[in-house]
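Visitor: I would like a close look at one part of this model, the place where the two chains meet. Please take me through it step by step.

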Amino acid sequence: MKLLLQIAVVFGVCLVGEVLEMLVPLPIPASVWSMVLLFLCLLCGALREEHIREKADFLLKNMAFFFIPAGVSIIEHYGVLKSVIVPFLIICFVTTIITFAATAGTVILVTRLMDRGKEHE
Amino acid sequence: MNDLLQEIYASPLFAVFLSAAAYLAGHWIHRKVGLAIANPLLIAIALVIATIQLLGIPIESYNQGGDIIAMFLGPATAVLAVSIYRQMDILKKNLIPVIAGTVVGSLVSMASVYGLCRLFRLDEKVTAALLPKSTTTPIAVGIAEQHGGIVSITVAAVVITGIIGAMLAPTLIKLFRIKNPVAAGLAIGTSSHVMGTSKALTIGEVEGAMSGTAIGVAGLVTVIFSIFLQ
């Protein structure tokens with residue numbers, strides 16, 4: 001029963017997310033709306049963590065599993081990809097590493113600058 | 001006999017069974033080999049593709065169950081809110097680095113994709129398809145469509161980026177000597193969206209929560225910035 005209630009809560013929030021996606025004319029997907037919505041519900045106390053804990057932990061711990069069909073769908077797109085496959089793979093590889101480094105570098109730099117700012121106060 | 005087999009393959013149960021078995025096998029191999037390249041998700045995807053190709057199963061049959069598994073992606077992304085909420089204190093303390101890191105990361109992602117597309121002389125349709133590749137699939141597809149990109153290339157780029165992120169994250173953390181878990185988590189989420197986040201969650205609670213935060217912020221930044229690209 002407890003788990004059913006949790007499924008109802010999480011899926012209910014996701015349904016509202018889908019409605020928001022349809023109503024708001026921005027390319028923000030239902031899943032991101034649902035995440036923001038669920039976060040706000042937790043913040044304002046409309047939901048407590050124990051309302052969804054087990055369901056959330058199940059989904060979080062097994063998250064990669066739900067991406068298998070998306071990965072398999074690559075074979076459906078292979079026809080279109082074939083002509084650009086080499087630059088495609090190079091771009092995916094290189095830009096992912098560059099983005100990773102740029103993000104981490106910025107966070108570390110800003111954190112250091114802020115710490116230094118505090119020391120001067 | 002063949003008809004019976006095709007019927008079994010077309011049952012949603014078959015795809016769910018095959019995917020779960022492939023995922024368990026992926027984890028088992030990952031534990032045995034212990035290398036980043038032996039990523040459980042990558043192995044599972046390869047095993048499923050190999051199986052349906054070998055047995056001659058049409059992708060439509062696999063999708064009967066595949067669509068059911070994919071339906072859980074929405075709820076799985078939504079509950080990232082729980083992991084972020086659990087790290088609320090860290091998020092509050094690091095609000096400025098969080099925003100700065102994801103904004104810079106998202107811009108660098110789009111700029112580097114654009115630069116490399118020019119270098120390889122790829123046409124507009126492919127460039128527009130690749131630009132939003134570091135965001136989660138629905139956001140990336142929405143942006144690519146608006147700019148006339150080829151959507152199937154976008155879907156493939158997002159998935160490949162996610163696999164690369166999940167596969168390389170632990171190696172990159174070591175390579176760049178990142179000791180700050182906030183920086184590591186944000187870097188994973190900004191560069192490789194939800195698929196990278198699935199790996200970040202296994203690295204640590206702070207990494208997972210920050211990676212989840214980055215999906216939302218990076219998605220938003222990419223959406224806003226792509227409006228100016230038109």
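Guide: Start with the polar side of the interface. Between chain A and chain B, 3 residue pairs are in polar contact, with both residues at pLDDT 80 or more. That threshold matters here, as this is a predicted model.

Which elements of chain A supply the surface? Two or more residues each come from α1 (2-23), α2 (30-44), α3 (53-61), α4 (68-72), α5 (74-81) and α6 (85-120) of chain A. Of these, α6(A) gives the largest share of the side that touches chain B, with 24 residues. By residue class, that side of chain A holds 48 nonpolar, 12 polar and 5 charged residues.

Next, the charged pairs. The rule finds 2 salt bridges across the interface of chain A and chain B. In one salt bridge, the side chain of D57(A) meets that of R86(B), at 3.1 Å from N to O. Over all chains, a search of the whole structure gives 6 salt bridges. Among them is a pair within chain A: E54(A) with K2(A), whose closest N and O atoms are 3.5 Å apart. This pair ties together distant parts of the chain. E54(A) sits in helix α3 of chain A and K2(A) in helix α1 of chain A, 52 residues apart.

Now the extent of the contact. On the chain A side, 65 residues touch 94 residues of chain B. About 7100 Å² is buried between the two chains. Carbon and sulfur atoms give 86% of that area. Within chain A, the residues that lose the most area to chain B are M35(A), F67(A) and F100(A). Together they account for 10% of what that side buries.

An unreviewed UniProt entry places the feature "transmembrane region" at residues 26-47, 59-78 and 84-110 of chain A. How much helix does the model show in two of these spans? Residues 59-78 of chain A are 65% helix and 0% strand, and their end C-alpha atoms lie 30 Å apart. For residues 84-110 of chain A, the figures are 96% helix and 0% strand, with 38 Å between the end C-alpha atoms.

Finally, a helix of the partner chain. Helix α8 of chain B covers residues 95-119, 25 residues in total. From first C-alpha to last, α8(B) reaches 36 Å, close to the 36 Å expected at 1.5 Å a residue. After α8(B) comes R121(B), with a positive phi near 55°.

Key
Residues numbered from 1 in each chain as written. Chains lettered and ligands numbered in written order. Predicted model: local features only at pLDDT ≥ 70, side-chain atom pairs only at ≥ 80, totals over all residues. Heavy atoms only, no water. UniProt positions renumbered as here; feature names shortened; annotations may be inferred. Helix = DSSP H or I, 4+ residues; strand = E, 2+ residues; numbered from the N terminus. Expected span 1.5 Å × (residues − 1). Contact = heavy atoms within 4.5 Å. Buried area = accessible area lost by both parts, 1.4 Å probe. Salt bridge = Lys/Arg side-chain N within 4 Å of Asp/Glu carboxyl O. Polar contact = N/O pair within 3.5 Å; in protein donor to acceptor, adjacent residues only side chain to side chain. Nonpolar A, V, L, I, M, F, W, Y, C, P; charged D, E, K, R; others polar.
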